[in-house]
Amino acid sequence: MADFVAAIDQGTTSTRCMVFDHGGNERARHQLEHSQLLPRAGWVEHDPVEIWQRSQDVLYAAMSEAGLAATDLAALGIANQRETALVWNRRTGQPCYNAIVWQDTRTDRIAAALDRDDRGAVIRARAGLRPATYFSAGKLQWILENVDGVRAAAESGEALFGTIDSWLLWNLTGGTAGGVHVTDVTNASRTMLMDLRTLDWDPELLSFFDIPRAMLPEIRPSSDPAGYGEVTVAGPANGIALTGALGDQQAATVGQVCFAPGEAKNTYGTGNFLLLNTGTEPVASEHGLLTTVCYQFGGDRPVYALEGSIAVTGSAVQWLRDQLGIISAAAEVEALAARVDDTGGAYFVPAFSGLFAPYWRSDARGAIVGLSRYHSGAHLARATLEAICYQSRDVIEAMARDSGVSLDVLRVDGGVTANSLCMQLQADILGVPVSRPVVAETTALGAAYAAGLAVGFWKDTDELRANWNQAERWMPAWSDQQRRDGYAGWRKAVERTLDWVGLD
């Protein structure tokens, strides 16, 4: 009998594969970065072929590291960067254009036009989202309008659309030789095209973007006992059942075992994403959050969440490394920031792609304010870490107003949580404890859980809860006055970023 479950976690800057045992313990991992293509200011693209190759490479390497054959794996799950959109040719298997990444802002005028008329209200009511450059539909509209031949291919059924999960599942199950064209409910809920209640593509929403339905994937549960098919590409993974798929932030919510209404997690990666489980009925936000599908296991009713999405957090640290050169590796930011006791009154608002939740201002751009000759690279490094934490506080305050739930503790995961100074600042800025689990890479774990539940590797969610263990906890150390003053300065800094880019 198979003793392990694997997951491919295809993220914004890298792809990893992790293998877990029944206790949710990591047994192997392999990770590879991929290229960030920046053809113009505000444009962010990925090469889909590179992502597909990286996904195969990390899967085979993780299996090799653990000495596993396909028969040792009960199932394979996928987690993916959610709103990144691509179109490919069903006959040739070739992408029609690069994948347009969720951070990309080229569709700002499409989003602004939707928000100026009644279409924006329909999108909010039906899809739970607000018109923004963030989501997939505008990206697909841009490709249909700007890439030669795609419109005709889409209308004939030759061009296929998908988020990264669909691209990987299609390729893993054979590609041009019969690959399945599917997505799960969580990824579909991030497109502005799916009705949250029917869990199906909505004809009126499709008409807003002039998208032919024939190019869209079939929507399936996140954990599917019927499966999406088996791995059929040549290699050591052939025959593994593909039974779980979730957008990365919903996967992290499952990995953090937030299965009860009122339970929340915050994932710190390229951006930050805080999800609050609201149960089996969608809750509309009045304070700048999104309503989204959290997960659907088999034939059970879907579970919904309120989400606060922050565009730039961990990627701000990468900016310090790649654009400014004040650190040579992301891990160095903690030591640099620790050289000073505070930021000396400086704030960094990394609105490189506008501001997401709870502001939703695509006209905003990044700003560093409060500088004097006193300030050094160490102050900027510390301000970068504080920016991660202040943006999370913005979302948590909005979530409390929407849900009436005040957090007693914040569960955290993702790569940035290895930065102890950042997590201490998060506890200080929020005024509540911050808790990190033993397995911090909960995105991959959640995808593995979804896949394993579908095949009975785990019996139910109670078994998954039993796997969760705390690794570290940070307690607030700031005074209430420090917290109030710091947050007031942050809000003032945010104001300085607005109205920078005209959208008329």
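## Helix 9 and helix 14

Helix 9 and helix 14 are roughly perpendicular to each other (angles of 65 to 115 degrees count as such). The axes of helix 9 (residues 248-255) and helix 14 (residues 442-454) cross at roughly 80° and come within 6 Å. Axes are lines fitted to C-alpha atoms, for helices over the stretch in contact, and angles run from 0 to 180 degrees between N-to-C directions. Helices (H or I, at least four residues) and strands (E, at least two) are DSSP runs numbered from the N terminus.

On helix 9, Asp248, Ala251, Ala252, Val254 and Gly255 make the contact; on helix 14, Thr442, Thr443, Leu445, Gly446, Ala447 and Tyr449 do (contact means heavy atoms within 4.5 Å).

## Basis of the model

The model is predicted: local features need pLDDT of at least 70 and side-chain atom pairs count only at pLDDT 80 or more, while totals for chains, interfaces and linings use all residues. Residues are numbered from 1 along each chain as its sequence is written, and side-chain values use heavy atoms, with hydrogens and water left out.

Seven strands form an open sheet in the order 17-18-16-15-21-22-23, with mixed pairing (two strands pair if DSSP finds at least two bridges between them). Strand 17 (290-295) and strand 23 (470-474) are at the edges and have a single partner strand each, so one side of each lacks a neighbour in the sheet. From one strand to the next, the twist averages 30°.

Strand 21 (residues 410-413) and strand 22 (residues 434-437) run parallel and are joined by two bridges. Arg411 stands opposite Ser435 in strand 22.

## Helix 12 on the sheet

Helix 12 (residues 377-403) packs on the sheet and touches strand 15 (264-268), strand 16 (272-279), strand 18 (303-310) and strand 21. The direction of helix 12 makes about 145° with that of strand 18.

Note on methods
Angles under 35 degrees count as roughly parallel, over 145 as roughly antiparallel, 65 to 115 as roughly perpendicular and the rest as oblique.
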